[in-house]
Amino acid sequence: MSTTTRAAVVESGGAPFTLTDVELAEPGPHEALVRVVATGLCHTDLGVASGGLPFPLPGVLGHEGAGVVEEVGSAVTGVAPGDHVVLSFTSCGDCRNCQGGHPAYCATWLPLNLIGGRRADGSSTISRDGQPLGGHFFGQSSFAERALVDERSLVKVDPDVPLESIAPLGCGVQTGVGAVWNVLEPRLGDTVVVLGAGAVGLSAVMAAALTPATRIIAVDKVAERLLLAKELGATHTVNAGEADLGETLAVLTDGQGADGIVETTGSVAVLRQGADALAARGTLVVVGAPPFGSEVALDVNGLIPGRRIEGLTLGDSETQSFIPALVQLVKEGRLPLHRLISTYPFADIDQAVRDMSAGKAIKPVLTF
């Protein structure tokens, strides 16, 4: 039996979000119906809503949901009605990368999460007036009061932790944290540089502060965000609008370069500056995504001393273990995610979009 719910629909690329009633399909064997309590707003949502990616519109986006399970499909075993859950990306579970503990690199990741708009079998999860809408976004489409969620997007979490405080764990936060913990893995004495102090970058700063890294350098052009980065664990900050980034990083690292760099801005120019600032055997993690087809020129001889550039999706996280660990750190106050969050009623989604686009809000969270 279908479920009617209120959702924020994007009618076409560049159009605002429109609150309207939609119908959710009956949960399939590996799906659950979730009452959404909160959902984060991410730049990926804005990119798709602008028409920058071939997701089928009209459609329902949202991929940082958190809520309470109301109903489960016949084959669901990991959660039950009443469980609190964080919603993250989905994956097939059967390919080599999924089986190897790297579901963010699932062989069918793009169609299942970002551009398909439907289940793997081609059926629709959301409709309006009998017409299918784009849905199944990251296996959830959580810009709605209720969401039909793929089982592999569901992560059961501690019910004592307020859901609005952990909704962003599903994408942005685990991406920044995973860049540091799963890729850079800083050792005692290392220097970590984070390029961009948005939600992903500040999550990387907080993660680095929980490692033996000696220097944690945050780079941005917004003074207020650099101040926040300092409060969240950065030992040094660089205002890239006022200082030459390469020269400043050389001074701060005693000419040795950075052992690990997280690039979150999506600027190929900044990426190149990061590559040039690496120490021998240093690693640059590319998180920010410029438009498809973007290229960057690199000095090949500069890579010979063991310098590496590694792309990253969603922190290369295995969500069922990674997200509950992050929830515990939030609960203990060791991952002060609340410093990034601004809450908005669901009806004010367009205001949240404007504030995020203007840089007034680091991580908007919509509440229901």
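Close-up 1. His136 lies in the loop that runs between β8 (131–133) and β9 (146–150), where helices (H or I, at least four residues) and strands (E, at least two) are DSSP runs, numbered from the N terminus. This is a predicted model, in which local features need pLDDT of at least 70 and side-chain atom pairs count only at pLDDT 80 or more, while totals for chains, interfaces and linings use all residues. Residues are numbered from 1 along each chain as its sequence is written, and side-chain values use heavy atoms, with hydrogens and water left out. Although His136 is not a glycine, its phi is positive, at about 55°, and the residue is buried with a relative accessible area of 4% (buried means under 20% relative accessible area, exposed over 50%, partly exposed in between, with a 1.4 Å probe and protein chains only). Phe138 is placed in the loop between β8 and β9; its phi is positive at about 55°, although Phe138 is not a glycine, and with a relative accessible area of 4% it is buried.

Close-up 2. Strand β7 (residues 126–128) is joined to β8 by 3 bridges, and the two run antiparallel; Ser127 stands opposite Pro132 in β8. In the loop between α1 (43–49) and β4 (59–60) one finds Pro58, and the peptide bond from Leu57 to Pro58 is cis, with omega near 5°.

**Close-up 3. The surroundings of Leu87.** Leu87 belongs to strand β6 (residues 84–87) and, at 0% relative accessibility, counts as buried. Which residues does Leu87 touch, not counting residues up to four places away in sequence? The list includes His63, Glu64, Gly65 and Ala66, together with Gln140, Ser142, Val149, Ser153, Leu154 and Gly170, where contact means heavy atoms within 4.5 Å. Between the C-alpha atoms of Leu87 and Pro159, which are 72 residues apart along the chain, the separation is 14 Å.

**Close-up 4. The open sheet of 6 strands.** Here the order is β13-β12-β11-β14-β15-β16, with parallel pairing. Because β13 (236–239) and β16 (308–311) stand at the edges with a single partner strand each, one side of each is left without a neighbour in the sheet. On average, neighbouring strands of this sheet are turned by 15° against each other, direction ignored (axes are lines fitted to C-alpha atoms, for helices over the stretch in contact, and angles run from 0 to 180 degrees between N-to-C directions). Strand β15 (residues 278–286) runs parallel to β16 and is joined to it by 4 bridges, and the bridge partner of Leu284 in β16 is Ile309.

Close-up 5. With β11, strand β12 pairs in the parallel sense over 5 bridges, and Val192 has Ile216 in β12 as its bridge partner. With β13, strand β12 runs parallel and is joined by 4 bridges, and Val219 has Val238 in β13 as its bridge partner. Helix α5 (residues 199–208) lies across β11 (191–195), β12 (215–220) and β14 (258–263), and runs at about 165° to β11. A right-handed β-α-β unit is made by β11, α5 and β12, and β12, α6 and β13 also make a right-handed β-α-β unit (a crossover is right-handed if, with the strands pointing away from the viewer, the path from the first strand over the helix to the second runs clockwise).

**Close-up 6. The crossing of helices α4 and α10.** The axes of helix α4 (residues 172–184) and helix α10 (residues 319–332) come within 12 Å and cross at roughly 100°. The two helices are therefore roughly perpendicular to each other (angles under 35 degrees count as roughly parallel, over 145 as roughly antiparallel, 65 to 115 as roughly perpendicular and the rest as oblique). From α4, the residues Gln174, Val177, Gly178, Trp181 and Asn182 meet Thr319, Phe322, Ile323, Leu326 and Leu329 of α10.

Methods:
Pairing = 2+ DSSP bridges.
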